[in-house]
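Let's take a walk through this fold together, starting with the overall layout and ending with a few spots worth a look.

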Amino acid sequence: SMAASIALALEPVFLTKGPADGYAGLLDAMLSQERFESLAPSSLARLHVARGLVHVAQGAHAAAQDAYERAVSRAREASVEAFALSLLAASHIARARYDLGDDALARARLALDGTNAPRVRAFFHRTRAYRLARDNRAEDALAEYEAALGLLRGSKDPREAAILLGQMGVR
């Protein structure tokens, strides 16, 4: 629906400029309405991903995991599923649930096979780098960050590469 498309288009604004609580309310209202259940599965999955990102911004990691799991269960496009799984993995890793994070990353890798989604692949590599860094495997983590950066080169949005460089500690 147009409402879902507009809500998803506003995600970067709300997550960077706020108010996150306002965006959370909008998403919650949409996700609680029965008419939105008839959305295309990928759109519904993306709404759950957006809700998970707001939960993370609010420090509610357990709620974010629930939102990402709902997104994974509704995703029909491999790239949406891989993105949701990568987010789920990052959420598990942040909470030191490494086995669950590793499982989600393995599932994301399978979902990515045969897809052409450079931004999703870059996010997967960034999440993998995060996991490797948690294991004190700096050299391997750097290789994953470089793979992510390589996928973002030539992106229409130069901020994506800048955000990734910031996550790597490059200023």
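Helices here are DSSP runs of H or I with at least four residues, strands are runs of E with at least two, and both are numbered from the N terminus. By that count, this predicted model has 10 helices and zero strands. Reading from the N terminus, the elements go α-α-α-α-α-α-α-α-α-α.

How much of the chain is buried? Buried residues account for 40% of its 171 residues. If you take the contacts between residues at least 6 apart in sequence, 49% of them join residues at least 24 apart.

Now for a pair of helices. Helix 4 (residues 41-57) packs against helix 5 at an angle of about 170°, and their axes are 8 Å apart. Angles over 145 degrees count as roughly antiparallel, so helix 4 is roughly antiparallel to helix 5. Residues making this contact include Leu-44, His-48 and Val-49 of helix 4, and Ala-64, Ala-67 and Tyr-68 of helix 5.

Stay on helix 5 (residues 61-74) and you'll find Gln-65. Is Gln-65 buried or exposed? Its relative accessibility is 4%, so Gln-65 counts as buried. Leaving out residues up to four places away in sequence, Gln-65 touches Leu-88, Ser-91, His-92, Arg-95 and Arg-97.

For a contrast, go to Leu-10, in the loop between helix 1 (2-9) and helix 2 (11-17). Leu-10 counts as partly exposed because its relative accessibility is 33%. Together with Met-2, Ile-6 and Val-13, Leu-10 forms a nonpolar surface patch with about 380 Å² of accessible area.

Notes:
Residues numbered from 1 in each chain as written. Predicted model: local features only at pLDDT ≥ 70, side-chain atom pairs only at ≥ 80, totals over all residues. Heavy atoms only, no water. Patch = residues over 30% accessible without salt bridge, like charges linked within 9 Å, V, L, I, M, F, W, Y side chains within 5 Å. Areas by Shrake-Rupley, 256 points an atom, 1.4 Å probe, with all protein chains shown as cover. Salt bridge = Lys/Arg side-chain N within 4 Å of Asp/Glu carboxyl O. Buried < 20%, exposed > 50% of the residue type's maximum accessible area, 1.4 Å probe, protein only. Contact = heavy atoms within 4.5 Å. Axes fitted to C-alpha atoms, helices over the stretch in contact; angles between N-to-C directions. Parallel < 35°, antiparallel > 145°, perpendicular 65-115°, else oblique.
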